[in-house]
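Visitor: I'd like to learn how to read a few features of a protein model. Could you walk me through one?

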Amino acid sequence: MQKITLQSIFDEYNNLGELNEEDQLLMLQAQAAANDAYAPYSRFNVGAAVLLENGVVLKGNNQENASYPIGLCAERVAIFATGANYPGIKIKAIAITAFSRQFDIHKPITPCGACRQAIAEYENRHQSKIKIIMMGEHGKVLVTDTIANFLPYQFKADDLQVKI
């Protein structure tokens with residue numbers, strides 16, 4: 001049995017400047033999206049930017065509500081906007097970042113479980129991996145080539161015995 005380590009599934013960079021230009025620009029779009037997040041309760045602004053194969057970038061940010069369960073994460077806002085506006089276009093990459101008005105975020109922000117499942121659905125829908133680029137306000141950046149590295153035993157349409 002082969003042992004899997006984090007180094008084998010994630011590329012780690014010391015800062016944003018070490019990424020290629022395309023990934024840097026996508027992360028800058030995610031940072032801009034975080035600035036516009038509606039997060040009056042948590043004060044934890046999350047931004048996401050999705051790069052499509054046709055070069056279009058769509059942004060999303062967290063949208064909170066006084067009734068917490070009905071808010072939505074930045075990643076799903078961006079992913080669902082992609083599905084609504086560009087349903088036949090594959091997602092090439094998603095960049096995710098966050099900042100807080102209460103403390104510094106020095107580590108990469110990763111998608112929550114629901115967002116991981118939403119990203120997995122789009123990978124499965126288009127039979128195409130989605131690169132995921134993650135960082136906090138500054139510092140280390142993590143990059144992986146597929147959500148399967150977070151969610152190796154994902155729930156898929158096959159589990160429902162449904163063919164799409």
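Guide: Let's start with Thr 146, which lies in the segment after β6 (141–144); helices (H or I, at least four residues) and strands (E, at least two) are DSSP runs, numbered from the N terminus. This is a predicted model: local features need pLDDT of at least 70, side-chain atom pairs count only at pLDDT 80 or more, and totals for chains, interfaces and linings use all residues. Residues are numbered from 1 along each chain as its sequence is written, and side-chain values use heavy atoms, leaving out hydrogens and water.

Visitor: Is Thr 146 buried or exposed?

Guide: Buried means under 20% relative accessible area, exposed over 50%, partly exposed in between (1.4 Å probe, protein chains only). Thr 146 is buried, at 7%. Contact means heavy atoms within 4.5 Å; not counting residues up to four places away in sequence, Thr 146 touches Glu 123, Lys 129, Ile 130 and Ile 132.

Visitor: Which residues are buried in α4?

Guide: An α-helix has 3.6 residues a turn, so residues three or four places apart point the same way. In α4, the buried residues include Cys 115, Ile 119, Tyr 122 and Glu 123. Their cover includes α3 (74–85), β4 (91–100) and β5 (131–135).

Visitor: How many disulfides does the structure hold?

Guide: A disulfide is a covalent bond between the sulfur atoms of two cysteines; here the cut-off is a pair of cysteine sulfur atoms within 2.5 Å. The structure holds zero. The sulfur of Cys 73 is 3.8 Å from the closest cysteine sulfur, in Cys 112, so the two are too far apart for a bond.
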